[in-house]
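Hi there,

Here is the structure I promised to pass on. Have a look at it first, then read my notes below.

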Amino acid sequence: TVEDHANCDFHYEMYRDCFKNDFGGHKFSADNLKSGTPSGQDPVLKEMSTRGVYTPFQTAYAGLRFFEDTLKGTDEKDFICGPFLSYVDLAMWMTLDSLDQTGAMPTWSEDLKLPKL
């Protein structure tokens, strides 16, 4: 449906903003993720300003948290845009897989408490 396409487009734009652009002045990287640990007080993506000052960890983690929260939306939801695999899921998989494959952060899901991703 048109709504499904719009939902996927929205999530892909969010993906690009968080992982491919200089979000908050920082590139997404394993080094940025390793520079901190989740505190439970980290800023949430929708509350972050483009003019705010955030640490490299906070910007990297906020992007991951956004997609973690998207997947936590319903118990049945296995994919970012709904019940079917989409280009957003594949893009996200490629980003997350690079953390595992390079050996940069092989236990990122457990370390960052992001079980749905």
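Let's begin with Gln58, which sits in helix H3, a stretch covering residues 56–71. Its side chain reaches the backbone nitrogen of Thr55 at 2.9 Å. If you skip the neighbours within four places in sequence, Gln58 is in contact with Asp42, Pro43 and Met48. Keep in mind that all of this comes from a predicted model.

Now for the inside. The largest nonpolar core has 31 residues, and those with the most contacts inside it are Phe19, Leu33, Leu45, Leu64, Phe67, Met92 and Leu112. The elements giving two or more residues to this core are helix H1 (2–20), helix H2 (30–34), H3 and H4. H3 supplies the largest share of this core, with 8 residues. As background, nonpolar side chains tend to be buried together in soluble globular proteins.

Last stop: Thr102. You'll find Thr102 in the loop between helix H4 (87–101) and helix H5 (108–111). Is Thr102 buried or exposed? Its relative accessible area is 58%, and exposed means over 50%, so Thr102 counts as exposed. If you'd like a distance to check yourself, the C-alpha atoms of Thr102 and Gly40 are separated by 28 Å, and these two residues are 62 apart along the chain.

Cheers

Key. Residues are numbered from 1 along each chain as its sequence is written. This is a predicted model: local features need pLDDT of at least 70, side-chain atom pairs count only at pLDDT 80 or more; totals for chains, interfaces and linings use all residues. Side-chain values use heavy atoms; hydrogens and water are left out. Helices (H or I, at least four residues) and strands (E, at least two) are DSSP runs, numbered from the N terminus. Buried means under 20% relative accessible area, exposed over 50%, partly exposed in between (1.4 Å probe, protein chains only). A polar contact is a pair of N or O atoms within 3.5 Å; within protein, one must be able to donate a hydrogen and the other to accept it, and residues adjacent in sequence count only if both atoms are side-chain atoms. Contact means heavy atoms within 4.5 Å. A nonpolar core is a set of buried Ala, Val, Leu, Ile, Met, Phe, Trp, Tyr and Cys residues joined through side-chain atoms within 4.5 Å.
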